[in-house]
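Subject: Structure handover

Hello,

Here is the structure I said I would pass on. My notes on it follow below.

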Amino acid sequence: MSPSRRSLLVGAASLAAAGALSSRGARAAGQKTLRLQTRQIEVGGKAATRYGVVQPSGAVGLVLDEGDIFDVRVENTLKVTSGLHWHGLNPPWQQDGVPYISGPPIAAGQSADYKFPAVPAGTRWMHSHFGLQEQNLLAAPLIIRETAAIKSGHQEIVVLFEDFSWTKPTTILDKLWRPASGGMAPGGMAMSTPDYNDVDYDAYLANDRTLADPQVIDVESTGDVRLRLINGSASTNFTIDLGANEGTLLSVDGNPVEPLKASLFPLATAQRADILVRLLGDGRAVMVLARGEGRRLQAGVVLRPPRAAIGKIPLEDVVEGPAVGLKQEVLLRAIRPLPVRRVDRSVPIGLTGSMMGYSWSLPVHDMTGAPVTVVRGERVELVMQNETMMAHPMHLHGHSFQVTEINDRKLAGAIRDTILVPPHATVKVVFDADNPGIWAYHCHNLYHMAAGMFTTLVYRGFT
Ligand SMILES: [Cu+2]
């Protein structure tokens, strides 16, 4: 039996199925189609062919409403094996889209079906979890609009930020394995100063465009707009900069937090931020910029009230983007925290790197390669201790966790699926083990993940 046939039979609760595009019948009523395909974008006046996720209508990604069923067929029209992971949704484990862990990847010319409740609502995203395809922009927004957001009537603006290189991802990784200097790899434990980014990108993109030709979005002269910002980069932590404007943070990773006013918002790789921006009626355009950590490069979009003038925005700022840390994180409070409960199981996780080449690991109980094991029904605590000089955006699949402690400071923090652990920091998160299966748990820096910072979360006796 082929892997795709086998996946057809996994049971009524998980309908992941695969078949040749040519032999499939008409899609079921209500089912949406997402196509993995190539497309052309323009960077620095040159055309670049990259991957994308597009509906037959031409819409990029997917928008659903709270309460909807996620009923999707993914058609792989690429010439390579691929797949999509639903980042921030908590589906049955077989439908999580991580190749060889959730199920088989989708071969060229094949499709796979997914059907499960679209929970939790909020700003999510989708991306390939296959090889280094994410660096080739195989990512798109996945928005489950909250009932409250729909009722508010606010204009919503979705922005996917990405990092772009003319160099092939495999070449980027090769260079990281073998630095030209022959010296120590970046992030090595012997380095004493923080290292922000291993990769020197050629551009940052906001909805596929650089600031040479940014997306300009028409808005009313007054009122509020809701930004749904997604850091879909492969390995860049951004700071969102609203300039002279202030915004109100409504949710992080799609999960509501007590409103927080600021003009700068840290956004680590794979994280999301929903920010309400009030238009002041002053007729001025509002820039929404993402500045790369330790880099001058930036990307962004422009909100244009009627008749507002738009000046040229430089591709590079005069100063480097600030370090992305947890100063704002400690201020965040979940609006819907986990129920108060004792931790049943606390698991120490090391975030480690080797001085020998570009090698990262994620030892569990000091055992590199071991999974985190839990029992259904437990309250689980992950204690992540970063022993390196790089920050790691840590992502757990299939669960939403709450941030409970940052460097010995206890808090009833945000509910998230991705938390940044800065150099030499210790961060504790807790979650309820309520979604049995085998789940990926890893650093969301694509190159750290590829070089070993990856493990799994496994439920004992879950079948
Ligand atoms: Cu990392």
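In which sense do strand β10 (residues 155-164) and β11 pair, and over how many bridges? The two strands pair in the antiparallel sense, over 4 bridges. Within this pairing, Phe 164 of β10 stands opposite Ala 203 in β11. Please keep in mind that this is a predicted model.

Both strands belong to an open sheet of 6 strands, in the order β11-β10-β13-β18-β15-β16, and the pairing in that sheet is mixed. The edges are taken by β11 (203-206) and β16 (255-262). Each of these has a single partner strand, so one of its sides has no neighbour in the sheet. From one strand to the next, the twist averages 25°.

For the overall picture, the protein has 4 helices and 32 strands. It has 463 residues, of which 48% count as buried. Taking contacts between residues at least 6 apart in sequence, 75% join residues at least 24 apart.

- With strand β3 (residues 46-54), β2 pairs in the antiparallel sense over 9 bridges. Arg 35 has Val 54 as its bridge partner in β3. The hairpin of β2 and β3 has 2 residues between the strands, and Gly 44 takes a positive phi near 60° there.
- With strand β5 (residues 69-76), β2 pairs in the parallel sense over 5 bridges. Here Leu 34 has Val 74 as its bridge partner in β5.

Next, the interior. In soluble globular proteins, nonpolar side chains tend to be buried together. The largest nonpolar core in this model has 118 residues. Those with the most contacts inside it are Val 159, Phe 161, Tyr 204, Ile 240, Val 288 and Ala 290. Leaving aside residues up to four places away in sequence, Val 288 touches Val 159, Leu 227, Ile 240, Leu 242, Gly 300, Val 301 and Leu 303.

Is Pro 266 buried or exposed? Pro 266 counts as buried, because it has 23 C-beta neighbours inside 10 Å and the cut-off for buried is 20 or more. This residue is found in strand β17 (residues 264-267). Again not counting residues up to four places away in sequence, Pro 266 touches Thr 239, Val 324, Gly 325 and Gln 328. From Pro 266 to Glu 329 there are 63 residues in sequence, while their C-alpha atoms are 8.7 Å apart in space.

Regards

Note on methods. Residues numbered from 1 in each chain as written. Predicted model: local features only at pLDDT ≥ 70, side-chain atom pairs only at ≥ 80, totals over all residues. Pairing = 2+ DSSP bridges. Axes fitted to C-alpha atoms, helices over the stretch in contact; angles between N-to-C directions. Buried ≥ 20, exposed ≤ 12 C-beta atoms within 10 Å, placed from the backbone. Contact = placed C-beta atoms within 7 Å. Core = buried A, V, L, I, M, F, W, Y, C linked by C-beta atoms within 7 Å.
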